[in-house]
Amino acid sequence: MSRVYNFSSGPAAINEEILKTIQHDMLDCMGSGMSILEMNHKSEFFGDMMDETSELLRELMHIGNDYEILYVNGGGYGQFSMVPMNLMNRNRKADYVDTDLWTKYAVIEAQKCGTVNVIASSAQAGYTYIPEIRREMISADADYLYMCTNNTASGSAYRPDKIPNSDRVPIVADMTSNFMSETYDINKFGLVFAAAQKNLGPAGVTVVIAKKTLIEQADEHRIPRIMCYKEYAKTKSTFSTPSTFAIYMIMLVLKWVKKQGGIPAMTQTNHQKASMLYDFIDNSTLYHNDVCREDRSIMNVVFTTGNDGLDACFSAEAAEHGLCNLSGYQGTGKLRAGIYNGVSVEAVNALVDFMKKFENEHKGENYV
Ligand code: PMP
């Protein structure tokens, strides 16, 4: 079977060049004489690979030595618990901004550790916009302010220029679905995390970038070791076996990003892909997108015909044309295209062509 265009929201499309490298390396990983799947996580070879991965991340995202880079298992969901367990250590209070299902779930986990103050929410408006965070909204006694930079389910995002300057409390950001899609100033954050399965590689590892002075404050005697950032920092993330294959793959993805021209090149292509879709949707009589224009995600484009039956017909017919995984987040109905770094302009072009064809065929139909 030939490969399809994959618009999955995660695990998501990976550039074919990278997949071919993995195929080539499978029996003999970069001259080691063994597969990455067989390699000990404390071996010198793997240690060098991890160091190279972290160095590439530092270079591409301009991360200073005042930040640790950690590789943690347990996905994005794991971070919903690790963040409050480690950082709610002054007043056991934190401010959260609710912009999607994924912040709602994060709030539920944080409430198990302390007091959560939701300082802004767009839930009432169906998560169709991004609330502005003004300095005076942030509680002076919050241990941190939590936000999600890209809302995978509802298709909105905090553009880099909308990240507040918070000198009052550290900002924690879930960047799972737009990590390295455009340039965010890492110095604005106390901690950033991203589960790898969207822009970074396969499922199985979450990258955490954390200010050393912030994670040092946690009491390691109170936190289970597997949940304690400090323990990851002390042991270079190897006291428990990390997802070795996933980390190797992140290294390949980062090498690929560098070769393409780094994050500025990703930004340019991502804006190009997103504009192709949004411009088409805005000029169409069949499809629409409800998200406030300036808050639209450039990673997850959510759209609908306004009719559930027709939306279902769209994703089924698209799949027959080799355009896969276009249904919206479970239960939300609608349609959604994941257009992460690994999705080519060619794939988005093919999607727009299909949308045109579908619109012409179904225009004026009274679909029930
Ligand atoms: N945060 C965001 C923004 C997500 O999109 C997701 C999953 N799609 C998660 C967290 C949860 O990640 P995981 O499935 O790795 O637990």
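How many aromatic pairs does the count come to? In this predicted model, where residues are numbered from 1 along each chain as its sequence is written, local features need pLDDT of at least 70, side-chain atom pairs count only at pLDDT 80 or more, and totals for chains, interfaces and linings use all residues. Side-chain values use heavy atoms, with hydrogens and water left out.

The count comes to 17 aromatic pairs. Here, rings of Phe, Tyr and Trp (its six-membered ring) pair if their centres lie within 6.5 Å; planes under 30 degrees apart count as stacked, over 60 as edge-to-face and the rest as tilted. One of these pairs joins F280 and Y287, with 6.0 Å from centre to centre and 50° between the planes, and is tilted. Both F280 and Y287 are buried, where buried means under 20% relative accessible area, exposed over 50%, and partly exposed in between (1.4 Å probe, protein chains only).

In F314 and F354, the ring centres are 5.2 Å apart and the planes stand at 70°, so this pair is edge-to-face. Because F314 lies in helix 9 (residues 308-320) and F354 in helix 10 (residues 345-362), the pair ties together parts that are 40 residues apart in sequence. Helices (H or I, at least four residues) and strands (E, at least two) are DSSP runs, numbered from the N terminus. F314 is buried at 0% relative accessible area, and F354 also counts as buried, at 5% relative accessibility. Ring pairs link F280, Y287, F303, F314, F354 and F358 into a cluster.

On a 1 Å grid over the protein atoms alone, a cavity is a set of points where a 1.4 Å probe fits but cannot get out, and lining residues have an atom within 4 Å of a point. The largest cavity holds about 80 Å³ of space, and its lining includes W256, K198 and N341. This lining divides into six nonpolar, five polar and one charged. The second largest cavity holds about 40 Å³, with Y71, Y232 and P242 among its lining residues. Its lining has four nonpolar, four polar and no charged residues. Ala, Val, Leu, Ile, Met, Phe, Trp, Tyr, Cys and Pro count as nonpolar, Asp, Glu, Lys and Arg as charged, and the others, Gly among them, as polar.

Finally, N151 sits in strand 6 (residues 150-151) and is buried, with a relative accessible area of 0%.

How values were computed:
1 Å grid on protein atoms, 1.4 Å probe; cavity = no way out; pocket = protein on both sides within 12 Å on 5 of 7 lines; lining within 4 Å. Points joined across faces, edges and corners; volume = space filled by probe spheres on them.
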